[in-house]
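Have the viewer open as you read along.

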Amino acid sequence: MTSTGKSPWLIHYDAASCNGCDIEVLACLTPMYDIERFGIINTGNPKHADLFLVTGSVNEQNINVVRQIYEQMPDPKVVIACGICACTGGVFRDCYNIYGGVDSAIPVDVYAPGCAIRPEAIIDAVVVGLGILEERRAALDAGAALDAGAALDPKEA
Amino acid sequence: MSVASFIISLFGFTILAPLAGGLLAGIDRKVTARLQSRVGPPLLQPFYDVAKLWHKERWTVNNYQGFYVLMSLVFAIIAGVIFFAGGNFLLVVFILTLSTLLFVLAAYSTRSPFAEMGAEREIVQVMSYEPMVIIMSVTYYLAVGSFNTNAVLTLGRPIITYLPLVFIGLLFILTIKFRKSPFDLSYSHHAHQELVKGISTEMSGRTLALVEVTHWYENILFLGWVGIFFVWGSWLAVLLTVVALVVVYFLEIFIDNNFARVKWSAMLKWAWLVTIVCAVVNMASLNWSWLG
């Protein structure tokens, strides 16, 4: 495992969640589950994040927020839909303002269902996400090697 | 400061300080986790973090930010090299301030509200700790008779015996310099705060990695400042200095974990109050001892 898999920083966004899954995400940070063991930091800043944890379904109000956070995250990045609402829209899927799961706004890499999702399931989803993150980093490194001249460009520094 | 000591310090500090600083950050996170009854990340986690940031996509909001951050790192290294080579203490203080101000400029250059707010808080932090640092170098001169840091090696006893109150003042402002709670206003190591990530909000990838490494260099330099209070012309000094550094750093971690963040006005007020009391009383006592 490279440093990318050993230091995944996450950003958590609550879309149209009932807060059940949010509480479980935060429970992962407590001494009981202590995800900092794996080097995970819950950062509030998309520019520092590698993992994007979304809870709740996407609606008219937050679709642009979800997209903006996703776009502000530098590659390699992985999106994890936490809870059944984030996966499919859940019980809210037929509401007039709901688009559906997170994949109706941005590409999702890992679907972790549950109502509410258990902390163990979140940790499992993150571990699956780390594998994808590693693949993306390898692809990015290979691409960066081809484009080594870009590093010397002052606009890139 | 001889040429030989400069060259030794140049290579020694530049290579060893980030290793020691990163390890120190790892120990810090481990001890913090244990204080919160958590297991905590691996000891080498800060190195993994920086290595990961180095491999992130290269983004920047403008052409200047990366340059400012790089220069901030370079000046932090220069300050450390001069300090450990036995050079002028006052020069170290000024160069380190330049390094901090370049970091502030890096945040200002982005024009992001969160980064600007963080930069403004950083300026207030500089205002809070700078008087104490200047007074420390002045009282150092009064006690030792030279601004050169290698002058302590000729002393018969460590300068903590001359400057006990100045040392307490330094401990107080070190909490600001180490970016520890209750004075971590501009940038905190802990997640989730009201300013997103304060001064480093707009920094990502390699720029953020450089910020972390700068912080490691600075931390080792600050521990050097603590250590110089316990050094004198004896081999016992090594033992005393190591014990003092361990105690001081654990104290900082303990304070970090037990205090909530204060408002900037409280930080400024308390820092200046401690500075004035410690400086005046200690300077007065130094003068009286000369008369006696």
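## Aromatic pairs

Over all chains, the structure, which is a predicted model, holds 16 aromatic pairs. One of them joins B:Phe83 and B:Phe84 edge-to-face, at 5.0 Å centre to centre and with 85° between the planes. B:Phe83 is buried, with a relative accessible area of 6%, whereas B:Phe84 counts as partly exposed at 38%.

Another edge-to-face pair is made by B:Phe178 and B:Tyr249, with 5.3 Å between centres and 85° between planes. This pair links distant parts of the chain, 71 residues apart: B:Phe178 lies in the loop between helix 6 and helix 7 of chain B, and B:Tyr249 in helix 8 of chain B. B:Phe178 is buried at 1% relative accessible area, and B:Tyr249 is buried at 7%.

## Where the chains meet

Now to the interface. Chain A and chain B bury about 3000 Å² between them, with 52% of it on carbon and sulfur atoms. In chain A, the residues that lose the most area to chain B are A:Glu36, A:Lys47 and A:His48, together 19% of what that side buries. In contact are 35 residues of chain A and 33 residues of chain B.

## Polar links across the interface

Between chain A and chain B there are 6 salt bridges. One of these brings together the side chains of A:Asp50 and B:Lys52, at 2.8 Å from N to O. Polar contacts between the two chains involve 21 residue pairs. By class, the side of chain A that touches chain B has 13 nonpolar, 10 polar and 12 charged residues.

Note on methods: Residues are numbered from 1 along each chain as its sequence is written. Chains are lettered from A and ligands numbered from 1 in the order in which they are written. This is a predicted model: local features need pLDDT of at least 70, side-chain atom pairs count only at pLDDT 80 or more; totals for chains, interfaces and linings use all residues. Side-chain values use heavy atoms; hydrogens and water are left out. Contact means heavy atoms within 4.5 Å. Buried area is the accessible area (1.4 Å probe) that two parts lose on being put together, summed over both. A salt bridge is a side-chain nitrogen of Lys or Arg within 4 Å of a carboxyl oxygen of Asp or Glu. A polar contact is a pair of N or O atoms within 3.5 Å; within protein, one must be able to donate a hydrogen and the other to accept it, and residues adjacent in sequence count only if both atoms are side-chain atoms. Ala, Val, Leu, Ile, Met, Phe, Trp, Tyr, Cys and Pro count as nonpolar, Asp, Glu, Lys and Arg as charged, and the others, Gly among them, as polar. Rings of Phe, Tyr and Trp (its six-membered ring) pair if their centres lie within 6.5 Å; planes under 30 degrees apart count as stacked, over 60 as edge-to-face and the rest as tilted. Buried means under 20% relative accessible area, exposed over 50%, partly exposed in between (1.4 Å probe, protein chains only). Helices (H or I, at least four residues) and strands (E, at least two) are DSSP runs, numbered from the N terminus.
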